[in-house]
Amino acid sequence: EMAKIFAFVALALVCLSQGATAQSLELPALPYKYDALEPYFDEATMKIHHLAHHQAYTNTINQALTALRADEATKPLAKMGIDTLLKHLAEVPEALRQSVRNGGGGFVNHDIFWKSLTPGGSPEPTADSLLGAAINTAFGSFLELQNAFNEKATKVFGSGWAWLVCDEMSGELAVMATPNQDTPMMAESTAVLLGLDVWEHAYYLKYQNKRPDYVSAFWKVINWEVVAQRHKACIAKINGKKEL
């Protein structure tokens, strides 16, 4: 009889654990091995970056979400989903706002970053593709996009990110930079196509203070298929609004 009771308690604990996990964000697995981006991004940095830094941001946002869920007044915020929540930072209580901003931004930024990379890189978008044509319209050429992006990335003061974004109202592409773990997704109508982490923890083991070398290496491992899919989704959203 006692064995049945213990089994029941154990089952209940498992269910409770699964319920808690379902409400929490989990560290996304990398879509490749830690050494897959060598020699451009080294294995040691990738492990630390993913398992320590990205995990820390995941923990921070989960703690903030737990606090939001604990209060009936803020529970709806916790149910929004992280992408939507970041667009509603002004509604987050001041005591939790910075944790949501830093932890949530760090969580989504890194998820975008990892999925933007692939071993050996992939072919650049051609001029006759949807993305290639948009790049040429916005920057004049792929080379000019590289130059504009590299300038943003190398000139970020301290820690931050460089981005290629798509305006969800006009479809126009632009490059921009954000400080710390701020994300372009905080804006109501900005879709992220590509992002580069220029915090020192992303490159210092291999490149030390040579950030331009790290930025240059980034172009060797970009997954342009993923970037093109994000761009296609941005344009589809615009077309959907027009149909309405």
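This is a predicted model: local features need pLDDT of at least 70, side-chain atom pairs count only at pLDDT 80 or more; totals for chains, interfaces and linings use all residues.
Leaving aside neighbours within four places in sequence, which residues is Gly121 in contact with?

Figure 1. Residues are numbered from 1 along each chain as its sequence is written, and side-chain values use heavy atoms, with hydrogens and water left out. Gly121 sits in the loop between helix H5 (94-115) and H6. Helices (H or I, at least four residues) and strands (E, at least two) are DSSP runs, numbered from the N terminus. With its neighbours within four places set aside, Gly121 is in contact with Lys220, Val221 and Ile222; contact means heavy atoms within 4.5 Å. Gly121 and Lys220 lie 99 residues apart in sequence, yet their C-alpha atoms are 5.3 Å apart in space. Gly121 counts as partly exposed because its relative accessibility is 24%. Here buried means under 20% relative accessible area, exposed over 50%, and partly exposed in between (1.4 Å probe, protein chains only).

**Figure 2. The whole protein chain, as a setting for the close-ups.** The protein chain holds 10 helices and 3 strands. Read from the N terminus, its elements run α-α-α-α-α-α-α-β-β-β-α-α-α. Of the 244 residues, 43% are buried. The chain exposes about 12,800 Å², and carbon and sulfur atoms supply 57% of that area; accessible areas come from the Shrake-Rupley method with a 1.4 Å probe, and for residues only the protein chains shown count as cover. Among contacts between residues at least 6 apart in sequence, 66% join residues at least 24 apart.

**Figure 3. Helix H2 packed on helix H5.** Two packed helices are described by the angle between their axes and the distance between the axes. For H2 (residues 43-69) and H5, the angle is about 140 degrees and the axes are 8 Å apart. Axes are lines fitted to C-alpha atoms, for helices over the stretch in contact, and angles run from 0 to 180 degrees between N-to-C directions. H2 and H5 are therefore oblique to each other; angles under 35 degrees count as roughly parallel, over 145 as roughly antiparallel, 65 to 115 as roughly perpendicular and the rest as oblique. The crossing of H2 and H5 is left-handed, a term for the near helix being turned anticlockwise from the far one by less than a right angle, with right-handed used if clockwise. Residues making the contact include His49, His50 and His54 of H2 and Gly103, Gly104 and Gly106 of H5. By class, the contact of H2 with H5 has 11 nonpolar, 11 polar and 1 charged residues. Ala, Val, Leu, Ile, Met, Phe, Trp, Tyr, Cys and Pro count as nonpolar, Asp, Glu, Lys and Arg as charged, and the others, Gly among them, as polar.

**Figure 4. Helix H7 and two of its helix partners.** The axes of H6 (residues 130-139) and H7 come within 8 Å and cross at roughly 65 degrees, and this crossing is left-handed. Ile135, Asn136 and Phe139 of H6 meet Phe142, Glu144, Leu145 and Ala148 of H7. These residues divide into 5 nonpolar, 1 polar and 1 charged. With H9 (residues 211-218), H7 (residues 142-155) crosses at roughly 140 degrees, the axes coming within 10 Å. The crossing of H7 and H9 is right-handed. Phe149, Asn150, Ala153, Thr154 and Lys155 of H7 make the contact with Arg211, Pro212, Val215 and Phe218 of H9.

**Figure 5. Gly195 in strand S3.** Gly195 belongs to strand S3 (residues 190-197) and counts as buried, at 0% relative accessibility. Beyond its neighbours within four places in sequence, Gly195 is in contact with Phe113, Ser116, Trp161, Ala162, Trp163 and Phe218.

Figure 6. The peptide bond from Glu38 to Pro39 is cis, with omega near 0 degrees, and Pro39 is in the loop between H1 (2-23) and H2. Asn180, in the loop between strand S2 (173-179) and S3, has phi near 55 degrees, a positive value in a residue other than glycine. Gln208, in the loop between H8 (204-207) and H9, has phi near 50 degrees.
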